[in-house]
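Hi everyone, thanks for making time this morning. I'd like to walk you through a protein that may be new to you, starting with the overall picture and then visiting a few spots up close. Here it is on the screen.

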Amino acid sequence: MRWLERALLRRDSDAPLIEVMGRADVVTYRSAFDAAAALAAELTAVGNRRRRVGLVAHNSPHWVVADLACMIGGAVEVPVPLAFSADQARSLLREVDLCLVDAAGRERLEAWGDGVLPPGTQVSDIDLADLCARGRGRVISPPPGDWACKIIHTSGTTSAPKGVRIRASGLDEVLESLDRRIPAAVDRRYLSVVPLSLLIEQISGTYLTMLGGGTLVLLPAEVPLLGTAPGALAAVTARVPEARVTAMQGPPALFEAFAQIAVANPTDDPQALARRLFGTSTAAFLACGGAPISRRVLDLLARRGVPVFEGYGLSENTSVVSWNDPSAPRPGSVGRPLDHVEVRIAADAEILVRSPSVFAGYTVDDPSSCEVDAEGWLHTGDLGDLDADGYLYVRGRKKNIVITAAGRNVAADWVASRYREVPGVLAAVVFGDGLDELTGFFVTAEDAKPDEIRSAILAFGDAALSEVERVRIVHLVSVEDPRLAGLFTVTGRPVRDRIWQLITESATHSEEKTVGRTIAPFGAYAGRLITGSSGEQLDDVDPREAVALLADAGFLVLRGFDADIDRFNGFVRKLSSQVVADPAREFVGEAAQKVDAGLLPVGLHLENGNSPFRPDLTWFFCQRAAGAGSQTTVCDGYEVWESLPATSRAAWTAQDIVYSRNVSERAWKGLALYLLNGAKGYDDVTLDDLRAFIREPDRTEVRDNGDGSVYYAHREPAVRNPTLLGGRPAWANSIFGPSYNYEQPVITFADGSDIPQALLDEAAKVTEAVTEEVDWQDGDVVVIDNSRVMHGRREILDPRRVVLNAQSYLNEEYLPGAGA
């Protein structure tokens, strides 16, 4: 392995090779090679064949050392993503002789259960300290000859991934071609944000970084890698500046997030934007692959001084086929083929590739396999063309393996076939190309109840499929619906473009083309828009399903459910254990209240978040929509937390904040009377009656002022973890909130000190950047997790607007997992 011989020139270097963010210790080149040398000695051949070694680990120093050891020892390495299901992991690990794990890997093996590894397979922990000691000074000689050094996963037509056999000589060819094209020193600090089990990340993150003498920077273990968990994108982008990154590669979703940050900060010059994104005054070197990226995003970032260099590849060519050379990029293309690669376009527009880095075959063949013909041309299954200057353009996929926005391959037909196992589902079609979440189109039996079958579909995905295979956005249509005409062929094959057109038209709320009830993302950050089908009412919404969606999304907008004030009140009661109230507001029925907060804008806040009576849920019902403006604003505390720099996070979590103010006798007695449900008269109510309803009395001081009014000081966290329905930190509070009918509270830190203005200004800027607007329609109902999502209001431009509010505590029987 020529690249390994070059890397070994740094065998005795004490420069940092691996750094984990948030940890003071680093792994030097010397210690990494020491540990790898000791481990390689244990990976000797089994009889007359090379040892097959499974690698199940998080992105960690342990992963890198084990990977190096496999190559130094001449083993066949089988890396497995932690996000795989048990069946997927079993399909790759079924022939390994040994499995290397770190702590996360051992935990994942235990979760997968018995049968993932062959009987009797040894599982070995990667003990870096012990390996470093045993390998100190050991001579390392790269193994001679060529062999299939890795088995890399790629999607097939079933959930079980195929293994792609990567040759050692192929790695040399790709690395030498890339090394000639990459500008010197760009990999000085490479940040890895996708799993190292991906071949492209091994090449760009580990091997090229080593050849350049740089440092591989790894995210803390608690930060999910892109494509492995919901919320990973926001979590990753929030941590990038801390890494002071000079290079990284990732899927299109990462760079779309960078573009959103750029748009939110229009006055940043290139240096300021680079500091905001990467923690340095110079933009990082960015490479994009895995799925097509929007030309709009490329152009936007380039104009702001943050170029992204798009490439194209596939595991069957040991990753990279072509790439936009930074010295002569052509946006919209995927660049010119690497020096060792030939590309031609077949008569049917399929991209054909020939190179010395073409793979050594699959572990299992299936209909999605790429063929290598007699002349050595790899038939990629992708469609494209070459321009006169040799730049390659990818136009689509010949076979139906969808690629999500996170760059994850999903066998859509196989996933759809699994969903047809759900009782009542007659046909299923799955979409995912370029999408953050898989979208499913389901034809249901005539007697199927929409709520029940939607819940069954979501539950089936959670139980039977891996995270990347689960449909999250569900579209239902009855088998009796006349709109099905033309959506399937005579033999039952779906006409995908027509189905997708119907889905997108439904998502834009076209009245004449609504397909059952639809659930779609509300905006760019959080929320779900649930659109009812013709004749549906609020009472048709299943409470458990609504709460499950709320746990994921933070707030729900229910539209088209023929809501009126009585149905709204009934829906609030249905989901609540107790309805609470604001004594300054007038009731309209048993739960709703009129909101009188003037016409000026209202700052973001949690409902009653500056008092000891903050409810779990806050609700809104639009009786009459405004003719212009007057939107309600919503801001997800998860997104705010992820957008704050580490120094600000530390400041907001160091201590609680305290709200203190005086409340009139009429106001506090009015609340007590409501909570007592008429058990006492106005003159009989005492302060102790009110204190009895305070849920966290240790956080609240209440005292009588002697004139009927009371003074209270209430302590609340600025950052909530956990929230009502989730386990992530949320910057969610009432620091910017209104006090239209009450005395403005004094807001300080718990130690009595003022909150620094710079901290407040930064929070105001961040919250505004991730705030969404609800453009009301008549009959809309909104429910908000009042521990996670803040709300406010734009200026009222149409005073005829009527939006009612309700507050309540969630009925705990609807909590996720309750009663299961």
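Let's begin with overall dimensions. A compact globule of 820 residues would have a radius of gyration near 28 Å, and the protein chain has 29 Å, which agrees. That radius is taken over C-alpha atoms, and the globule rule is 2.2 Å times the number of residues to the power 0.38. Along its principal axes, the C-alpha trace spans about 95 × 65 × 55 Å.

A word on where this comes from: it is a predicted model, so local features need pLDDT of at least 70 and side-chain atom pairs count only at pLDDT 80 or more, while totals for chains, interfaces and linings use all residues. Residues are numbered from 1 along each chain as its sequence is written, and side-chain values use heavy atoms, with hydrogens and water left out.

The protein chain contains 22 helices and 44 strands. These are DSSP runs numbered from the N terminus: helices are H or I with at least four residues, strands are E with at least two. Of the 820 residues, 57% count as buried. Buried means under 20% relative accessible area, exposed means over 50%, and partly exposed is in between, using a 1.4 Å probe and protein chains only. Now for contacts, meaning heavy atoms within 4.5 Å: among those between residues at least 6 apart in sequence, 71% join residues at least 24 apart.

Which residues of α13 are buried? They are Ala 412, Trp 414, Val 415, Ala 416, Arg 418 and Tyr 419. That is six of the eight residues of the helix, which runs over residues 412-419, so α13 is largely enclosed by the rest of the structure. Among the elements covering those buried residues are β23 (425-431), β24 (438-444) and α14 (450-464).

The other helix is α11, residues 270-278, where Ala 272, Leu 273, Ala 274, Leu 277 and Phe 278 are buried. Their cover includes α10 (252-264) and β12 (285-288). Gly 279 follows α11, and its phi is positive, near 75°.

Next, two serines. Ser 192 lies in strand β9, residues 189-192, and is buried with a relative accessible area of 1%. Its side chain has a polar contact of 3.1 Å with the side chain of Asn 59 and one of 2.7 Å with that of Glu 201. By polar contact I mean a pair of N or O atoms within 3.5 Å; within protein, one must be able to donate a hydrogen and the other to accept it, and residues adjacent in sequence count only if both atoms are side-chain atoms.

Ser 322, in strand β14 (residues 319-323), is buried with a relative accessible area of 0%. A polar atom of the Ser 322 side chain lies 3.0 Å from the backbone oxygen of Val 334. Leaving aside neighbours within four places in sequence, Ser 322 is in contact with residues including Gly 311, Tyr 312 and Leu 392.

On to charges. How many salt bridges does a search of the whole structure find? It finds 51, each being a side-chain nitrogen of Lys or Arg within 4 Å of a carboxyl oxygen of Asp or Glu. In one of them, Arg 239 and Glu 242 have their closest N and O atoms 2.7 Å apart. Arg 239 counts as buried at 14% relative accessibility, whereas Glu 242 is partly exposed at 31%.

Elsewhere, Asp 462, Glu 467, Arg 470 and Arg 472 are linked in a network of salt bridges. Within it, the closest N and O atoms of Arg 470 and Glu 467 are 2.9 Å apart.

One more pair: Arg 614 bridges to Glu 716, at 3.8 Å between the closest N and O atoms. Arg 614 sits in the loop between β32 (602-605) and β33 (617-624) and Glu 716 in strand β37 (residues 710-716), so the pair ties together parts that are 102 residues apart in sequence. Glu 716 is buried, at 3% relative accessible area.

That brings us to our last stop, the sheet. Four strands form an open antiparallel sheet in the order β36-β37-β35-β40, where pairing requires that DSSP finds at least two bridges between two strands. At the edges are β36 (700-704) and β40 (746-749), each pairing on one side only. Strand β35 (residues 657-663) pairs with β37 over seven bridges, and Ile 657 has Glu 716 as its bridge partner.
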